[in-house]
Protein chains: 2
Amino acid sequence: MSISNISSPTLLLNEKICRNNIRQMTLKISAASVLFRPHFKTHQSKIIGGWFRKEGIRAITVSSVKMAEYFAADGWEDITIAFPVNLRESSAINKLAGQIKLNILIAGTGIATELNKRLSANVGAWIKIDTGYGRSGIRYDNTADIDSCLSEIGKSAHLSFEGFLSHTGNTYHAGSRNEILELFEHARSCLVDLKDRYIKDQPGLKISLGDTPSSSVCTNFQGIDELRPGNFVFYDLMQEHLGACSLNQVATLLACPVVASYSKRREIIIYGGAIHLSKEFISNSKEERNFGQVALLTQKGWDPLPGSNKVVSLSQEHGIVRLDKEYIGKIKAGDLIGIIAVHSCLTAEAMKSYYSLDGKIIDHM
Amino acid sequence: MSISNISSPTLLLNEKICRNNIRQMTLKISAASVLFRPHFKTHQSKIIGGWFRKEGIRAITVSSVKMAEYFAADGWEDITIAFPVNLRESSAINKLAGQIKLNILIAGTGIATELNKRLSANVGAWIKIDTGYGRSGIRYDNTADIDSCLSEIGKSAHLSFEGFLSHTGNTYHAGSRNEILELFEHARSCLVDLKDRYIKDQPGLKISLGDTPSSSVCTNFQGIDELRPGNFVFYDLMQEHLGACSLNQVATLLACPVVASYSKRREIIIYGGAIHLSKEFISNSKEERNFGQVALLTQKGWDPLPGSNKVVSLSQEHGIVRLDKEYIGKIKAGDLIGIIAVHSCLTAEAMKSYYSLDGKIIDHM
């Protein structure tokens, strides 16, 4: 398929940008002597997984048992499921743990004991620590619960303690680059303190961190054993908004047919809605929502348009795009335009496959 | 599969409630002597389409060419694609229009002329009218553009004028039941005025309206020829919030494994996130977001929990659920709970299939 023949919303992938994002993050993390265990939930692709393999990556992170099965079937043999372990999936966990080195997350007391009753294969166990994000895990200062978890894991025949793992997801709500640095530094020091506290009893314990904003922005990884960013493989409008990347580093674009144009309103209607882009948005200081930034398709890929050229509203399959005066007359029904998604993980999940710029299909789970 | 064996987020469908929703809307609309052309974009299911057929429905609405193909393959022979016609899909439109009675939407001037160049089969053309929603269509008072469109359609060898069609999507932003009534009455009178103005030159022209909030709440359908609501087949939390239904009329529920419980925060973590529920939310007067209402699974289906038992935050695969004091101790990791989605169309689209309460799979495109 050629891009000029696209007739419905299609997710384009610029391989060159994507491979460069992989290479830059690999270089940065290995230069800090930290294990890079990239999160594969953003791309969910065996082909893109192969690009990581070429950079020497052997250990990966996923967010579901199904995703672990998908990548294990492609030869990945060291996988962490970075999601509080789901007791209802223990038979699938047993099967997978019989085939590969599998790690799971214990996000509270009582879980390891319950899990152990259901386990028949050996599984690595990380204790999930909450350093302030407030989603899942044991608070970093709740050493009573951490002690309980360690004791439960210690009594388990099938669980081996890996260390403390945290996700600094609050960096996604940061108001500035500096705030990302502060949040990450806080998380890092919390985990390093825990390492210092428990290393005597638990020799070999590791600490694991890593969201894309902090892995992109921060440089002090001291004491950290592994980092697990994922989104950086594509980046997106949210990451640009946070200061974690530039728009030129964003590797995916939703190509959308234009179906109507209203010059007076300075708006066009695209075939491309919530079921393609997701309802994720960013807001500016005037509380105006941006559901995606416009880009113009070119021979070699696309050029992001600056300023206020953006998706202002999404229905199930429609998007309303507001354009600056200089563009409104030039884009008409029957044309194709590109939208840089706010959250590339959700857009990739919704679209279920990618097209390379030379029209090849790239898999998505 | 039995519900008690569910191990990952699963969309349940209560057939009895769903069939009752279909029957009630059919009775209401046919009692008003209006053609009921239900929108199938919410369920996108051949099996559920069959339930409509049993109620005598023969004409349907869809939101994409692909959806029209899906239902045409199941024997539906009168389909309106209620989306501004996409010139890039004209070859698929030609193919389909050769097989069934197909109607498309003209949402601006110039489109009919461009479309006609590409058409080889006969297609019914509705002029899309904007009565104030501000998404797509020609403003109801812009008779110059309406005249142009009619002239273009008149000159086309393959387009036959059907009438004026509008979607009162602004009812979704209504603050009260009364506001829904007012918005719909405004839309109805705009279309009736257009009918009166053009019927002499265009004998047989029809007017078509119908979103779920107004089709549920309003009773004055005078002058309207057809109604096209779709969401009512399942309803959802948004519709309950708008006063269009009660929670007991909601026919779908996302069953989610509980993976962690934090009593102090009165929060549990579920396996069920943005990729299952979508990021759609409703807000209360305190600007607190609700991404889904909790329900308890029972032998016969589910019971919605009242009050503040709701999803307060969504990540890609996680949801954070806040519970009232009386429930927090009772729900633990390994349990299943139900979430009534804010927007059932988006949740169905994300999940891609349904399970009936007796464990049968129901298709979704």
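The model is predicted, so to speak of local features pLDDT must be at least 70, side-chain atom pairs count only at pLDDT 80 or more, and totals for chains, interfaces and linings use all residues. Residues are numbered from 1 along each chain as its sequence is written, while chains are lettered from A and ligands numbered from 1 in the order in which they are written.

Start with chain A. Its domain 1 covers 3-10 + 246-363, and its domain 2 covers 15-234; such bounds come from an automatic or database domain assignment. The C-alpha centres of the two domains lie 33 Å apart.

Now look at where these domains touch. In chain A, 10 residues of domain 1 are in contact with 14 residues of domain 2. Contact here requires C-beta atoms, placed from the backbone, within 7 Å. On the domain 1 side, α12 (344-351) and β21 (361-363) of chain A are the elements that give two or more residues. Helices (H or I, at least four residues) and strands (E, at least two) are DSSP runs, numbered from the N terminus. The most comes from α12(A), with 3 residues. By class, this side has 5 nonpolar, 4 polar and 1 charged residues. Nonpolar means Ala, Val, Leu, Ile, Met, Phe, Trp, Tyr, Cys and Pro; charged means Asp, Glu, Lys and Arg; the others, Gly among them, are polar.

Turn to the chain pair. Here 41 residues of chain B are in contact with 41 residues of chain A. Several elements of chain B each supply at least two residues to its side, including β4 (78-84), α5 (111-118) and α12 (344-351). The largest share, 5 residues, comes from β11(B). The chain B side divides into 18 nonpolar, 14 polar and 9 charged residues.

Key. Contact = placed C-beta atoms within 7 Å.
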